[in-house]
Amino acid sequence: MTRALTRAAAAWWPFVLLLALWQLAISAGHVQQIVAPSPAGVAAELARNPALYAGEALATLAVAAAGLVLGLAVACALAVATWFSRFATGALTLPALLVQSTPLVALLPVLARVLGYDVRTVIAAAALITVFPSFVLIAAGLRALPSGVAALAAALGASRRARLLLLAVPAAVPNALVAVRIAAPASVLAALIAEYLIGTAGLGQLFAVAEGQLDTARAWTAALVATALSVAAYLLARRAERVIGDRFRT
Amino acid sequence: MSAPLRERRTAALAGATGIVAFVLAWEAAGRAHALGASWPPLSDVVAYAADRQHRGLLAAALAVTAREALIGYVAGALAGTLLAALALLVPPAAPGLERFAAVVNGVPIIAVGSICAVTFPPAVNPVLVAALGTFFLVFVAATAGFAAAPRAHRELFAALGASRATTFARLAIPAALPALVDGLRFAAPVAVVGAIIGEWFAGDRGLGPLLVNAMQNYQIALLWAAALLGALLSALAYGVLGVVRGAAARRFAP
Amino acid sequence: MRGPDGALDVALRGVRVEFAARGTVVRALDGVDLALAPCSFTALIGPSGCGKSTVLRLIAGLLKPSSGVVLAGGDDPARIVARHRLGIAFQDDALLPWLTARDNVALAFRAAGRAVDAARVDALLALVGLGAFARAFPRELSGGMRQRVAIARALALEPALLLLDEPFGALDAVTRRHLNLELQRLWSERAITTLLVTHAVEEAVFLADRVAVMSPRPGRIRRLVEVPFGRPRSRALLADPAFHALVDELTDALDALGGGEVR
């Protein structure tokens with residue numbers, strides 16, 4: 001029993017410390033509810049409106065997932081294109097670099113104007129934040145054959161298509177899973193920023209509205225729920241990586 | 001011409017052709033309004049940015065954002081490295097700290113920007129948000145780096161009877177440098193994003209408010225010009241650190 | 001007990017080492033008794049996985065026995081390590097890639113918190129034939145040269161105890177023979193209590209005063225054979241029929257213990 005407690009303490013001490021400091025800052029500093037809520041305030045807000053937060057969280061999750069899947073699909077297509085064609089590699093370098101370098105917060109206003117103030121922009125934002133890192137990882141994975149396998153395939157006279165499907169694609173799976181792990185929390189984050197900026201349904205919009213109304217309890221609670229969502233997405237992706245990746249790892 | 005040289009020539013040629021094709025396509029699509037009124041030809045954007053009337057505004061905004069990002073980056077990188085060193089030197093603290101950093105990173109950056117603007121003076125918000133974003137990436141990279149020394153090297157130091165401090169200074173730090181510099185490289189664009197988001201909640205200086213205002217006022221050319229400047233800033237930071245990374249990898253990687 | 005010039009003796013008595021792995025207990029060593037006299041050179045041979053390296057790690061204080069006693073100079077090996085009297089070289093040369101050959105040898109001083117004796121570092125590098133490569137980085141050196149640097153480093157602090165864990169294992173036969181001769185020459189000039197763990201029976205017989213033969217896992221010392229040849233040993237010994245007879249005898253002993261089995 002004490003063993004489990006000490007282990008838990010070792011794992012969670014910074015959170016407990018932070019919680020205590022938070023409560024202390026509110027009480028000792030006599031901070032007004034309008035500036036920042038107390039931990040109890042946040043808990044009460046969540047308990048009062050569980051359906052609201054669940055609904056908005058689901059909305060955000062749905063668009064983030066849609067963007068993630070779209071981004072991965074595009075990344076795979078691009079990776080395969082560069083595997084086949086050097087021209088494709090050249091043609092993609094500059095746009096890829098541009099998209100990668102442009103901070104999401106600079107890209108979003110542009111996207112909003114081009115695609116409109118609706119859910120398409122949010123999905124596009126999530127997809128764009130996924131595409132480049134995934135493309136880099138998957139393209140590298142396609143080439144990451146164990147030494148000697150490439151030479152073997154050439155000696156066996158395997159066609160390019162055969163080499164892609166039988167060797168390169170399985171070799172790329174571990175990297176693809178790493179890409180998902182990195183992109184999962186990022187796509188949630190992108191969706192939230194997009195929702196905040198354009199006001200489509202989701203936790204980001206909930207946060208924006210609450211912020212506008214100076215309803216700090218609601219704003220903070222939305223932020224915390226969004227954090228939990230992001231962390232959950234990451235953990236899920238990591239678990240999937242471990243389970244599926246072990247089979248394909250060289 | 002030898003085969004490898006020919007390969008490189010073909011690759012470079014293909015690359016150059018691709019880039020030209022991309023630029024031409026953008027220009028054509030923009031002129032034809034193929035992607036809507038909000039996607040201008042590249043030449044329009046460049047002309048706008050070069051115009052004397054607009055240059056000053058864009059340059060000032062860029063300078064503000066760049067400075068905030070830099071200060072935040074340095075602060076966050078230092079904090080991340082120190083905390084990772086702490087986790088190394090006080091092993092029981094490590095799991096808690098790592099979990100904490102992961103969750104802190106999961107807090108949506110807009111929430112961070114908004115809440116910090118209320119809790120701390122708004123003027124420091126961009127620096128603060130940039131620092132927080134940088135902190136996490138550098139912390140993760142430094143933690144991985146400090147654990148990167150191969151077992152044989154660690155056993156060597158143990159058998160030589162080296163103290164913990166000596167082992168840390170002469171083994172852990174040099175062995176950590178490649179991973180650490182990698183983390184520093186990826187953190188640079190994050191600092192730029194953090195600065196921009198921080199600016200959203202802090203006032204009207206910098207690229208952040210400029211972008212939002214241009215979006216809301218349908219100033220398309222200004223919007224694209226500001227976005228491209230943001231991209232350039234980010235790419236420059238990433239590129240400079242890429243050079244540093246190359247040097248570090250050459251010297252310190254096994 | 002110490003011999004001349006502070007060389008140490010080593011004693012293992014009834015040493016047992018067990019690891020927990022995947023729910024079962026793996027016994028790496030099962031009642032090992034071994035004594036190394038001061039200034040003696042002992043070679044430890046045995047089949048793969050028998051625990052030879054485990055014995056070496058016990059003496060280096062990198063591992064604690066599950067039961068039994070490990071003593072170096074009548075003391076806990078950790079004390080020897082703390083006084084920086086241990087010289088060690090691994091099969092992986094463990095040279096730090098960001099330090100030159102000279103700085104790698106000097107590391108022994110820095111790790112001990114002492115001022116670097118530059119003259120000694122240079123002398124050691126010259127001794128192992130690498131005087132001209134003092135400023136080279138490990139990636140610029142061949143495997144054999146890197147191992148020589150590792151040995152120079154092991155000797156830097158004039159250790160009372162020298163542990164060599166298959167230091168030439170990763171090298172080709174020709175380089176290996178050459179380094180055997182070098183090591184023999186080095187050792188003849190400054191006898192240190194030495195334990196050499198190796199796969200190569202010929203190497204063991206050429207270098208050692210005694211050869212200990214270990215059984216497959218769980219390891220125990222099954223035979224201790226005295227090597228009767230005088231020192232210093234030279235290349236000529238390699239042609240001596242008596243030498244080969246002893247090598248064959250030990251190889252047969254290894255085979256009999258199941259050394260040829262594939263595990």
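User: In S8(C), which residue is the bridge partner of C:Ile45?

Analyst: This is a predicted model, where local features need pLDDT of at least 70, side-chain atom pairs count only at pLDDT 80 or more, and totals for chains, interfaces and linings use all residues. Residues are numbered from 1 along each chain as its sequence is written, with chains lettered from A and ligands numbered from 1 in the order in which they are written. Strand S3 (residues 41-45) and strand S8 (residues 210-214) of chain C pair in the parallel sense over 4 bridges; pairing takes at least two DSSP bridges, and strands are DSSP runs (E, at least two residues; helices are H or I, at least four), numbered from the N terminus. In S8(C), C:Ile45 has as its bridge partner C:Val213.

User: And what stands opposite C:Thr42 in S7(C)?

Analyst: S3(C) also pairs with strand S7 (residues 193-197) of chain C, in the parallel sense and over 4 bridges. Opposite C:Thr42 there, you find C:Leu195.

User: Is S3(C) enclosed or open, and how many of its residues are buried?

Analyst: Buried means 20 or more other C-beta atoms within 10 Å of a residue's own (exposed is 12 or fewer, partly exposed in between, with C-beta atoms placed from the backbone). C:Phe41, C:Ala43 and C:Ile45 are buried on one side, and C:Thr42 and C:Leu44 on the other. S3(C) is largely enclosed by the rest of the structure, because the buried count is 5 of the 5 residues.

User: Over in chain A, is H8(A) oblique or parallel to H9(A)?

Analyst: Helix H8 (residues 160-198) and helix H9 (residues 203-212) of chain A have axes 7 Å apart and an angle of about 45°. Axes are lines fitted to C-alpha atoms, for helices over the stretch in contact, with angles from 0 to 180 degrees between N-to-C directions. Under 35 degrees is roughly parallel, over 145 roughly antiparallel, 65 to 115 roughly perpendicular and the rest oblique. So H8(A) is, relative to H9(A), oblique.

User: How many residues of chain B are in contact with chain A?

Analyst: Contact here means C-beta atoms, placed from the backbone, within 7 Å. On the chain A side, 45 residues take part, and on the chain B side the number is 53.

User: How many residues of H5(B) are buried?

Analyst: H5(B) is mostly covered. Its buried residues include B:Ile109, B:Val112 and B:Cys116.

Technical notes:
Two residues are in contact if their C-beta atoms, placed from the backbone, lie within 7 Å.
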